[in-house]
Amino acid sequence: MERAPYTPGPGGDAAPGARGPGNRLLQFTLTIPFPSAMDAEIAHRFLTPNEELQEPVREELHVNGSILTVRLTADDPGQLQMSITSCLGQLSLVIRAMQIIMPPFFTKPQQ
Amino acid sequence: MPTVLGFEGSANKIGVGVVRDGAVLANPRRTYVTPPGTGFLPGDTARHHRAVILDLLQEALTEAGLTSQDIDCIAYTKGPGMGAPLVSVAVVARTVAQLWNKPLLGVNHCIGHIEMGRLITGATSPTVLYVSGGNTQVIAYSEHRYRIFGETIDIAVGNCLDRFARVLKISNDPSPGYNIEQMAKRGKKLVELPYTVKGMDVSFSGILSFIEDVAQRMLATGECTPEDLCFSLQETVFAMLVEITERAMAHCGSQEALIVGGVGCNLRLQEMMETMCQERGARLFATDERFCIDNGAMIAQAGWEMFRAGHRTPLSDSGITQRYRTDEVEVTWRD
């Protein structure tokens, strides 16, 4: 069986799912450790998948303690690859936002 | 006096605006510009937006002299637009709203343009010509909805201009439409193009196909210059827009016309619309590039109206929608 494309990342792996020949389902799973369970839950809420953009790649998010798990599932390797890139970009943005936006980082500008 | 922070990023412009009681306190914006001959793709555009949005947020708050505690509501563009850029902006709006514990509002992009146009110009109940790279609609308010009286049946007028600019490899900086407008001023010959008004609607895809074909042939033989083609395209498509706007004004008995959207910056379009309005004894309203072109303050302004009227967007509904019709929104903030 042909292996799905590998994308490096903390706890990330891509593996072929269980489908018959000629009807391959690909899956990418990314696990991200956060400093605390609260941080993981906050990131989970920020990254709520957009229902309208689910097809043709399905995105699932789960939190278990301080670990956030992202799972992407698709038939087409090209679309899966694009989704992985997009997902990592959004994850990076959310983490940066959490680091920057949380008070007291936004203080009143000096007059 | 509520203060609303608005995020806009449905196409290649990303903006963050702050509005309080009809005053625009901040409105910084960045544009993702691609090389001549190319257009902007969703993934690349989203990447651009993600790279600058947090800096824009800080810039907006600094310009307004505010902190997170001064903000009462977070508004963002729910749609319509390009999926990946919309998602990138929605993610940040959702993040900000939750971290600052502020209510969230998903705003229709088209209504953002209309509400900012009404605010800036003071037009009371105009027939609106909304023209941009992604949308072309003639809109009028009736019974709590912005009703679409006419629209393009295929591509937007701005998309037609932008794609023609690619054929001629016209620069996209600051925008292809602006550069076409400057070239059109130097055009001398009117090349006859298809004129496609279909009742209250318009069609631009055929004109684009035609001019793409004509351009190669006529430029090669020296029958016309690129400036002539820019001039001809503008005269044709703008005349079509004036016609359907006038038809809607006649239908509604309207004495006001308002142009919004990026293509609304075009001075030739404003001139043609002004001529039509004068002939009808009507008034024309238009804004400048700060508010014609996609910006965060217009989303903040629409959000301000919606917030005061009691609208809220629950987290479960805080996604985006690429196809969001102008008349889907119940305009409860107007009589």
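Predicted model: local features only at pLDDT ≥ 70, side-chain atom pairs only at ≥ 80, totals over all residues.
## Extent of the interface

Chain A contributes 24 residues to the contact, and chain B contributes 30 residues. Together the two chains bury about 2300 Å². Carbon and sulfur atoms account for 64% of that buried area.

## Polar and charged pairing

No salt bridges are counted between chain A and chain B. Three residue pairs are found in polar contact across the interface, with both residues of each pair at pLDDT 80 or more.

## The chain A side

On the side of chain A that touches chain B, the elements giving two or more residues are α1 (37–46) and α2 (77–101) of chain A. Of the elements, α2(A) gives the most to this side, with eleven residues.

By residue class, the side of chain A that touches chain B comprises 13 nonpolar, seven polar and four charged residues.

## Nonpolar cores

The largest nonpolar core holds 56 residues. Within this core, the residues with the most contacts are Leu5(B), Phe7(B), Leu57(B), Ile74(B) and Trp100(B). Helix α2 of chain B, spanning residues 83–99, supplies the largest share of the core, namely ten residues.

Note on methods:
Residues numbered from 1 in each chain as written. Chains lettered and ligands numbered in written order. Heavy atoms only, no water. Contact = heavy atoms within 4.5 Å. Buried area = accessible area lost by both parts, 1.4 Å probe. Salt bridge = Lys/Arg side-chain N within 4 Å of Asp/Glu carboxyl O. Polar contact = N/O pair within 3.5 Å; in protein donor to acceptor, adjacent residues only side chain to side chain. Helix = DSSP H or I, 4+ residues; strand = E, 2+ residues; numbered from the N terminus. Nonpolar A, V, L, I, M, F, W, Y, C, P; charged D, E, K, R; others polar. Core = buried A, V, L, I, M, F, W, Y, C linked by side-chain atoms within 4.5 Å. Buried < 20%, exposed > 50% of the residue type's maximum accessible area, 1.4 Å probe, protein only.
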